[in-house]
Amino acid sequence: GFLPNTVTCNVLLDACARGLEVFHALQVYGIMKEYNIKTDALTFCAMSRVYSNVRMFSEAEEMLNLMTRSGIPPSSLAY
């Protein structure tokens, strides 16, 4: 096996956003937290897109707020 990293997790999150797979996105995000895999702007933006794509707008906004609280400044990528 292999250990995932930020890039592989972000690719999976992007695929989840495109496929409207909230459950799987939450699993990937949970694995990132469990294994202390670094999150970055792409992580938070992908999670925000996952939520937005299924009309879970408050959760999408919370992801962007969490990004800011995590010390990652907002960028045009996020909006």
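Is Cys45 buried or exposed? I find Cys45 buried, with a relative accessible area of 6%, where buried means under 20% relative accessible area, exposed over 50% and partly exposed in between, for a 1.4 Å probe and protein chains only.

I note that the model is predicted, so that local features need pLDDT of at least 70 and side-chain atom pairs count only at pLDDT 80 or more, while totals for chains, interfaces and linings use all residues. Residues are numbered from 1 along each chain as its sequence is written, and side-chain values use heavy atoms, with hydrogens and water left out.

I searched the whole structure for disulfides (a pair of cysteine sulfur atoms within 2.5 Å) and found zero. Cys16 is in none, its nearest cysteine sulfur being that of Cys9, 10 Å away. Cys45 is likewise in no disulfide, and the nearest cysteine sulfur, that of Cys16, lies 16 Å away. Cys16 counts as buried because its relative accessibility is 9%.

I then turned to the helices, taken as DSSP runs (H or I, at least four residues) numbered from the N terminus. Helix α1 (residues 6–19) packs with helix α3 (residues 41–53) at an angle of about 15°, their axes 8 Å apart, which means that α1 is roughly parallel to α3, a term for angles under 35 degrees. The axes are lines fitted to C-alpha atoms over the stretch in contact, and angles run from 0 to 180 degrees between N-to-C directions.

The contact (heavy atoms within 4.5 Å) includes Leu13 and Cys16 of α1 and Ala46 and Val50 of α3. I record its residues as seven nonpolar, four polar and two charged.

Key
Helix = DSSP H or I, 4+ residues; strand = E, 2+ residues; numbered from the N terminus. Parallel < 35°, antiparallel > 145°, perpendicular 65-115°, else oblique. Nonpolar A, V, L, I, M, F, W, Y, C, P; charged D, E, K, R; others polar.
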